Amino acid sequence: MSLAVFRVESLAGASESDIVELSGPEGRHAVTVKRVAPGERIQLADAAGRLATVTVTEVRGKDALVARVDEIETIPEPDPKVIVIQAIPKSERAELAVDLATQAGADGIIAWQADRCIAKWDAKKAPKALAKWQSAATAAAKQSRRARVPEVTGPLSTAQVAELINGETAYVLHEDATTSLRDVELQGTVYLLIGPEGGIGSTELAKLGATAVKLGPEVLRTASAAMVALAAIGVRTSRW
């Protein structure tokens, strides 16, 4: 069974035999919810991909523990690196889309205000919505034992997405595509565009400039499409 992973702000400078502390919300979760006790081994991860396997030496109250570093490593970024550009789904599916994409290994997630998005993020709503997406990504990374947490950014308009991916390797899932994802080039940084519930119209598709690809005969929901595509990319490359 894999070891439980807890997030820390930074492991920079940590080395074997060092003593580290886990506190705050993560410490409370470890001590009070997971009931981690002295002698148990867990893993600590930071945003830079550092992963430390530690042995707990002491529990302090209900929200802190002390541990000795047994081993520490930096998990390299996968090749190719995949950035998911996710059209904003309806509220009940938005965090699910982020959760599933994170579990499948997305290296970054960008919220996209596509033309046919039912959900609309204005300047007032966007910061709170992005915070929810980032929280969902952090929780999913923890649950799936990921060393890295994908950064969530945006929202970008279609014009801004087109500018971002101009000259880059970018694929947009589209039901009318004739090219399969299994046949395209996958290296470096790959941008994977997932459309909204209403689909991507021909005019918007032309504006994007991304290569339209399909996964198979079925039309996937916007919440699950990134996960399926990432799985397909995973088995085609060294990511898996």
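Analyst: Glu26 forms a salt bridge with Lys142, the closest N and O atoms being 2.7 Å apart. This is a predicted model, in which local features need pLDDT of at least 70 and side-chain atom pairs count only at pLDDT 80 or more, while totals for chains, interfaces and linings use all residues. Residues are numbered from 1 along each chain as its sequence is written, and side-chain values use heavy atoms, with hydrogens and water left out.

User: Why is the pair Glu26 and Lys142 called a salt bridge?

Analyst: The term asks for a side-chain nitrogen of Lys or Arg within 4 Å of a carboxyl oxygen of Asp or Glu; the closest N and O atoms of Glu26 and Lys142 are 2.7 Å apart, so the pair qualifies. Across the interface of domain 1 and domain 2 the rule finds 1 salt bridge.

User: What makes domain 1 and domain 2 separate units here?

Analyst: The bounds come from an automatic or database domain assignment, which gives domain 1 as 3-72 and domain 2 as 79-234. Their centres, taken over C-alpha atoms, lie 32 Å apart. Counting heavy atoms within 4.5 Å as contact, 13 residues from domain 1 and 7 residues from domain 2 take part.

User: How do you know how much area the two domains bury between them?

Analyst: Buried area is the accessible area (1.4 Å probe) that two parts lose on being put together, summed over both; for domain 1 and domain 2 this comes to about 740 Å², with 51% of it on carbon and sulfur atoms. In domain 1, Val5, Arg7 and Gly49 lose the most area to domain 2, together 58% of what that side buries.
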